[in-house]
Amino acid sequence: MKMRYFAMLLLSAVLLTGCGGSTSTKNGTTAVTTTTESKDKTDLADLMSTQDYSCTVDDSFMYYVMYVTNNSDKVVSIDLNVTALDSSGSMVGSSSDGTKAVAPGQTAGIWTTFDEWDKIDSFDYTLSVSEEKEYSPVYSDLSVDYNTTDSGIVASVTNNGTSAADYVCMDVVYLKDGKMVNFSELSFMDDNQELQPGTTLSQEGTCYSDSGFDDVVIAINGRK
């Protein structure tokens, strides 16, 4: 089972042509924003930048991946609700997820899948951001190393901190000519879903795509 962790509403329509990615920010041409809840949350949303990707896999399902970079000076919690639309604008699917304890400067990943791959023409999403009150970030404690191979990626993560890091994952978007062709989520955890202090764990991800890939984009998730 995949593990996913992820205030102002941010609405963006992302048109799909096969597979690809697009940047959505508050001031971007594809973004429409509205003010909601508190002034503090509005300010935090202003300071997030996003990159979303989507790709159909084997005429079976569609990945939707959003990377969110925290450009604020606060640790935040991020929640995403995404709606899949057909060519007439009717809803054909929806999903919600989020990530916790995203540190300043960190790019975290939120992802989901849709079975209605052959009906989806675009996406709407709502992004909600609030200051984290429950968990602490582990981003500055982690050392991340990775190399691409002919078939995918080999990565390792080391916990340089003094306490265990929980739910440490690396999201990997595989690109070909700038368009998403596949996705992996690699987990760096023991049986208790922890990466212990001083421990290095390694994982390998495979890009299942007939076209291959020529680049990867990663995001890191975790908390304590």
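## Close-up views of a predicted protein chain

**View 1. The largest nonpolar core.** The largest nonpolar core of this predicted model has 20 residues, and those with the most contacts inside it are Tyr64, Ile78, Phe123 and Leu127. A nonpolar core here is a set of buried Ala, Val, Leu, Ile, Met, Phe, Trp, Tyr and Cys residues joined through side-chain atoms within 4.5 Å. "Buried" is used for under 20% relative accessible area, "exposed" for over 50%, and "partly exposed" for values in between (1.4 Å probe, protein chains only). At least two residues of this core come from each of β6 (61-70), β7 (76-85), β9 (107-114) and β10 (122-131). Which strand gives the most to this core? That is β7, with five residues. A second, separate core has 18 residues, including Val168, Met170, Tyr174 and Cys207.

**How to read the views.** Residues are numbered from 1 along each chain as its sequence is written, and side-chain values use heavy atoms, with hydrogens and water left out. As this is a predicted model, local features need pLDDT of at least 70 and side-chain atom pairs count only at pLDDT 80 or more, while totals for chains, interfaces and linings use all residues.

**View 2. The whole chain and its confidence.** The protein chain has one helix and 17 strands; helices (H or I, at least four residues) and strands (E, at least two) are DSSP runs, numbered from the N terminus. Of its 224 residues, 46% count as buried. The chain exposes about 10400 Å², and carbon and sulfur atoms supply 44% of that area, computed by the Shrake-Rupley method with a 1.4 Å probe. The average pLDDT, the predictor's confidence in each residue from 0 to 100, is 85 for the chain, and 81% of the residues score at least 70. A contact means heavy atoms within 4.5 Å. Over residues 22-41 the pLDDT also stays under 50, and here the model has 46 contacts beyond four places in sequence.

**View 3. An open sheet of three strands.** Follow the order β11-β12-β16 to trace this open, antiparallel sheet. Strands of a sheet pair through backbone hydrogen bonds, either parallel or antiparallel. Two strands count as paired if DSSP finds at least two bridges between them. Why is one side of β11 (142-148) and of β16 (200-206) left without a neighbour in the sheet? Both stand at the edges with a single partner strand each, so one side of each has no neighbour there. Neighbouring strands of the sheet are turned by 15° against each other on average, direction ignored; the axes behind this angle are lines fitted to C-alpha atoms, for helices over the stretch in contact, and angles run from 0 to 180 degrees between N-to-C directions.

**View 4. Strand β12 and its two partners.** β11 and β12 form a hairpin with three residues between them. Seven bridges join β11 to β12 (residues 152-159) in the antiparallel sense. In β12, Ile153 is the bridge partner of Thr148, Ser156 that of Asp145, and Asn159 that of Leu142. β12 also pairs with β16, again antiparallel and over seven bridges; here Val154 has Glu204 in β16 as its bridge partner. How many of the eight residues of β12 are buried? Seven are, and β12 is mostly covered.

View 5. Leu195 sits in strand β15 (residues 194-195). Is Leu195 buried or exposed? Leu195 counts as buried because its relative accessibility is 0%. Not counting residues up to four places away in sequence, Leu195 touches Leu142, Val157, Thr158, Asn159, Ala164, Ala165, Val168, Phe188 and Leu201. Gly222 is 27 residues away along the chain, and its C-alpha atom is separated from that of Leu195 by 9.5 Å.

**View 6. Thr69 in β6.** Strand β6 contains Thr69, which is buried with a relative accessible area of 18%. Leaving aside neighbours within four places in sequence, Thr69 is in contact with Leu47, Met48, Ser49, Gln106 and Thr107.

**View 7. Asp58 and Asp59 in a loop.** Asp58 lies in the loop between β5 (48-57) and β6, and Asp59 is found in the loop between β5 and β6 too. Although it is not a glycine, Asp58 has a positive phi of about 55°. Asp59, not a glycine either, has a positive phi of about 45°. Asp58 is exposed, with a relative accessible area of 64%, and Asp59 counts as exposed at 57% relative accessibility.
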